[in-house]
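Subject: Structure handover

Hello,

Here is the structure we talked about. Please open it next to this message. My notes follow below.

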Amino acid sequence: MNASSANDLSTPDVIPNIIAYHDRTKHQTDRYANGPHGLDWATQPDPFRRFVDAPEFPLPLAGSDDISTAMILFGAATVAPRPFTFEALGLFFELSMGLSARKEIAGSSWYLRINPSSGNLHPTEAYAVLTALEGLPGGNGVYHYAPLHHALEQRACWPQSATPEATGFHVGLTSITWREAWKYGERAFRYCQHDVGHALAALRFAAAALGWHVQLLPEWDDARLARLLGLDRREDFAGAERETPELLVWVSTGDGPPPALLQGDFTIEWFGRANRLSNDHVDWPAIDEAILASVRMALNAKSAACKDAFAWSPPSPPACGHSASQLIRQRRSAVDFDGVTGISRETFLAILDTTLPRTSAPPFDAWPHSPRVHLVLFVHRVNGLDPGLYLWCRAPADTSSIQSALGSDLVWEAATDSIKTAPLYRLGRGDLRNFARTLSCHQDIAADGAFSLGMLARFESVLRDRGATAYRELFWEAGMIGQSLYLAAEAAGIRGTGIGCYFDDVLHRALGLAGHEWQSLYHFTIGGPVEDLRLRTAPPYSHLAGDT
Ligand SMILES: Cc1cc2nc3c(=O)[nH]c(=O)nc-3n(C[C@H](O)[C@H](O)[C@H](O)COP(=O)(O)O)c2cc1C
């Protein structure tokens, strides 16, 4: 198969390729997906991409955290948009893709970030496409965001006259798959896609804190995006790990549509060469095949938006007194749960409420596609709710097809007063802690929280309708749900953790699911965290103040 036939809607022959990738990267109870069998520390990738010799412009770090209430993140409050200034741009990146803390233990240290990542490996890179921003010395062009330095590295510039005035800017996300593949082998492509979904939601939440909006632009096919961001400039990536284009969003800081980019006849000047992240690499051809099969082609890029929105009631997230930036900055993954903390039914429903795909609330107001992902819940400790198996249906139109796909021995009782405002069904009662632990690669975090869950996505028919590129989008949607859950858990005074390691078909079999129409794409757990007291937590940017 050549690249030009990949993902052509009229030739669905790449669909089996992406389904084959999905199947071969399932963890089985007797065989984990093909990976490196241990970590080769000598080739551990540098977590920070730099563009050597590119002009660097440090962004200001925010001095104060007192911007708007956290309720704005969930669409339960509004705030006047901040003027689009260099300072506000700095805050936007600090609150979306910046560092959140430095962890230290016995002479070693590492950084955490605002956006989470499987294994803290951070394959996602961000670029800003800026037009006419006062105070930006480099002028119009493409800038790579460097989180360690909280700086913009200029990759490209073009004449001021080439882009019209705009009330906002574009942000592009890319993946360096090698970063994840180094640890996880073939399954890493999935984790990269989760991370893109988390990062997309992180962009949306940061914009919300500033009173701005974000819109995913599905019409940008991969080749065009690679050209815009300079990913196709082989000379700039010689000897360095490749970056694959993922998505482009428009961040609107006022009224007005996104400007046309790279149109007309003008010269682009490019700067910098990508640094090499590891001195040696292992090839994972299955990942290359998955990338090729799921390429977004110009042909199907337009066919993206088909949102069949349901009119959900106004948001009712967990109440909290934090500011938006405080909540964003304090997000962490729990490494352990106490096995005793329970939550009320109201808190449980308020957390789930933040995952509903509302067209006018973050983060799903940025998402142009129909909701495809639902939550299969393992309730362990929710006061007022029997322990057991539940379903949270994020698209009422899907309820009957899920019901007919699942095993007939499930009970399907409405578990709330109104399924239209809180679409929770009880499927069965029972203690599912052992099952949840086993399902999640024997990880205690799935059993010791208040609840854990699997994200069940409509799968094969979505790929057939929208092309194999929808494989990536399904994982993005799951990642966005994960980011909402992380923040909602923090708002509720507890903590969440994404779970990428799970035995896919163990859940499918337990639910009576056959075939590929429904697949579990991501798992998550929430509960009372236990801190690892051996670790010291330091501020994220003390190295920039010179007091490391
Ligand atoms: C897609 C994804 C999958 C993850 N899978 C697991 C997992 O299986 N087990 C686990 O303990 N943590 C998991 N995590 C949590 C990460 O290890 C964590 O995000 C990372 O160490 C960074 O820490 P932070 O979230 O506190 O910033 C996952 C996170 C993401 C985003």
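This is a predicted model: local features need pLDDT of at least 70, side-chain atom pairs count only at pLDDT 80 or more; totals for chains, interfaces and linings use all residues.

Let me start with helix α2. Its buried residues are Phe86, Ala88, Leu89, Gly90, Leu91, Phe92, Phe93 and Glu94.

**The cores**

Phe92 of that list comes up again here. The largest nonpolar core has 120 residues, and Leu73, Phe92, Phe348 and Leu377 touch the most other members. Helix α13 (residues 470–491) gives the most to this core, with 14 residues.

Take Phe348 as one example. Leaving out residues up to four places away in sequence, Phe348 touches Ile343, Leu377, Val379, Val382, Leu385, Leu424 and Phe451. Another core lies apart from the largest one. That other core has 27 residues, among them Phe378, Leu391, Phe503 and Leu513.

**Helix α6**

Helix α6 covers residues 285–293. Its buried residues are Ala286, Ile287, Ala290, Ile291 and Ala293. An α-helix has 3.6 residues a turn, so residues three or four places apart point the same way. What covers the buried residues of α6 includes α1, α3 (177–184), α4 and β10 (244–252).

**The ligand**

Which residues come nearest to the ligand? There are 22 residues around it, and the nearest are Arg331, Ser333, Gln443, Gly498 and Gly500. By class, this shell has 7 nonpolar, 11 polar and 4 charged residues.

- Gly498: a polar backbone atom is 3.1 Å from a nitrogen atom of the ligand.
- Ser117: a polar backbone atom is 3.4 Å from an oxygen atom of the ligand.
- Cys501: a polar backbone atom is 3.4 Å from an oxygen atom of the ligand.

On its own, the ligand has 620 Å² of accessible area, and the protein covers 84% of that. Some elements give two or more residues to the shell: β4 (108–113), α4 (188–209) and β20 (495–499). Helix α4 is also part of what covers the buried residues of α6.

**His523**

Now go to strand β21 (residues 518–527), where His523 is found. Is His523 buried or exposed? His523 counts as buried because its relative accessibility is 1%, and the cut-off for buried is under 20%.

The side chain of His523 makes a polar contact of 2.8 Å with the side chain of Ser520. Beyond four places in sequence, His523 touches Leu439, Ser440, Leu453, Gly454, Met455, Gly498, Ile499, Tyr502 and Leu507. Gly498 is one of the residues that come nearest to the ligand. Asp398 is 125 residues from His523 in sequence, and their C-alpha atoms are 20 Å apart in space.

**Leu544**

Helix α15 (residues 542–545) holds Leu544. Leu544 has a relative accessible area of 38%, so it is partly exposed. How far from Leu61 is Leu544 in sequence and in space? The two are 483 residues apart in sequence, and 9.6 Å apart in space, C-alpha to C-alpha. Leu61 is also a contact of Leu544. Setting aside neighbours within four places in sequence, the contacts of Leu544 are Leu61, Leu148, His149 and His150.

**Backbone points to check**

His150 is in the loop between β6 (141–146) and β7 (151–157). His150 has a positive phi of about 45°, although it is not a glycine. With a relative accessible area of 0%, His150 is buried.

His37 also has a positive phi, of about 55°, and is not a glycine. His37 lies in the loop between α1 (15–24) and β1 (51–52). His37 counts as exposed because its relative accessibility is 77%, and the cut-off for exposed is over 50%.

Last, the prolines. A cis peptide bond joins Pro362 and Pro363, with omega about -5°. Pro363 lies in the loop between α9 (345–353) and β14 (373–379).

Best wishes

Definitions and conventions: Residues are numbered from 1 along each chain as its sequence is written. Side-chain values use heavy atoms; hydrogens and water are left out. A residue is near a molecule or strand if one of its heavy atoms lies within 4 Å of it. A polar contact is a pair of N or O atoms within 3.5 Å; within protein, one must be able to donate a hydrogen and the other to accept it, and residues adjacent in sequence count only if both atoms are side-chain atoms. Accessible areas come from the Shrake-Rupley method with a 1.4 Å probe; for residues, only the protein chains shown count as cover. Helices (H or I, at least four residues) and strands (E, at least two) are DSSP runs, numbered from the N terminus. Ala, Val, Leu, Ile, Met, Phe, Trp, Tyr, Cys and Pro count as nonpolar, Asp, Glu, Lys and Arg as charged, and the others, Gly among them, as polar. Buried means under 20% relative accessible area, exposed over 50%, partly exposed in between (1.4 Å probe, protein chains only). Contact means heavy atoms within 4.5 Å. A nonpolar core is a set of buried Ala, Val, Leu, Ile, Met, Phe, Trp, Tyr and Cys residues joined through side-chain atoms within 4.5 Å.
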